[in-house]
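Please consult the sequence and the model shown here while reading.

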Amino acid sequence: MHEFAPLVDAVQRNCDISDARHAGDYGLCTFLLKMREFYRWENELSFAGTLPREELGAWLSAREESWTAIETEGFSALPVHGGIDPFDVEAANRELLPQGYVYSAGYGRLRKPVFFLGRLRRVEERGGFNILVSSCEYARELAAPPAMLLGRTIFLREESARRYLWEKVEEWKWNKPDNAMARALAAYRFMSDADSALERMADNEMEAMILHEIGEAMAGELLGEAWHEMLGRVARTPAESVARAMRDLLADCLSTLPALIESENVPALHFYFAGFDDMRRQLFPQAVLAYDRFLVHADLGRLAEVVREGARLWLEAAREVLARHESDAEGCGAALQAMMERGIAMRA
């Protein structure tokens, strides 16, 4: 592909502009973890290798300085057949997929633009979904979500999945708490062979990522475009995180958790609850209690019951939010925040 080098440059430039605009969205620890892994990616370093402290510090300072210079720039068109809008993923992939590449663009958390360009590994069809699996990545931004849903297409990024999982391993290693992450690492046998364990973990967790994106599509069919309108109104406010957590929980109760429970995929269940942040614990304490019960009794029955009930209750809660948005759009954000603070979004 004679246009490939300019294409990589254009996509990476858009990634850099997105990072320049949104680097401040992360907490300090998360930001540093993501920058470490971005440095590994950019310099093609192994996961287990020790990073050079001085070089990393100089690189970080230079990157932040370069962001200052470009944060007000607009996104560039993709240099393919005279120029393609960087968010026109379908048009871009009509040209790229037959040549063995895959491109994606969209919006992540806090409306951060997300772009990536990678090598196409394979295409899968599952239940009406087109799954595009990429291997190595030629351009990426700081967030690098391992899986994204656009319409009926799921983009699964193997390289980003491995880096995301390694970030979680590195984060746990700081204090090594005896928690769900410790149980997940033990289940994947990280202590005996980290490299092989990461491969096992990636293979298993990428399936869970696909299940979540299918759940997102199911939730989208139930909630319609009104949900995106509501989300746009509360974007970049504390209420956005509440709304996204609610929809994630609905998606997981519809798809991810039922499948993991039915297959008795215990390592993935440990990892799932390792990622249960404070907000989701407050919104869905029943799931945490059911998981704790499983740890004692080795019986997934109660967790299955909670998930089935959760699918119904989270749909009710999401529709209640939409009703409030329709009747009082300006007050929707405050209502979402109040639902979380009072702990009434999920009722036993």
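## Helix packing, an arginine and the cysteines

In this predicted model, helix α6 (residues 180-187) and helix α10 (residues 266-274) have axes that come within 8 Å and cross at roughly 155 degrees. Angles over 145 degrees count as roughly antiparallel, and α6 is therefore roughly antiparallel to α10. The crossing in which α6 passes α10 is left-handed. On the α6 side, the contact is made by A180, M181, R183, A184 and A187; α10 contributes P267, H270, F271, F273 and A274.

Another helix, α9, spans residues 238-262 and contains R244. The side chain of R244 is joined to that of E240 by a polar contact of 2.9 Å. When neighbours within four places in sequence are left aside, R244 is in contact with G108, R109, L110 and L231.

As for the cysteines, the structure holds zero disulfides. C136 is in no disulfide, and the nearest cysteine sulfur, that of C15, is 15 Å away. A disulfide would require the two sulfur atoms to be within 2.5 Å.

| Residue | Relative accessibility | Class |
|---|---|---|
| C136 | 35% | partly exposed |
| C253 | 4% | buried |
| R244 | 19% | buried |

Buried means under 20% relative accessible area. R244 counts as buried because its relative accessibility is 19%, and C253 counts as buried at 4%. C136, at 35%, counts as partly exposed.

Conventions
Residues numbered from 1 in each chain as written. Predicted model: local features only at pLDDT ≥ 70, side-chain atom pairs only at ≥ 80, totals over all residues. Heavy atoms only, no water. Buried < 20%, exposed > 50% of the residue type's maximum accessible area, 1.4 Å probe, protein only. Helix = DSSP H or I, 4+ residues; strand = E, 2+ residues; numbered from the N terminus. Polar contact = N/O pair within 3.5 Å; in protein donor to acceptor, adjacent residues only side chain to side chain. Contact = heavy atoms within 4.5 Å. Axes fitted to C-alpha atoms, helices over the stretch in contact; angles between N-to-C directions. Parallel < 35°, antiparallel > 145°, perpendicular 65-115°, else oblique. Left-handed = near helix turned anticlockwise from the far one by under 90°.
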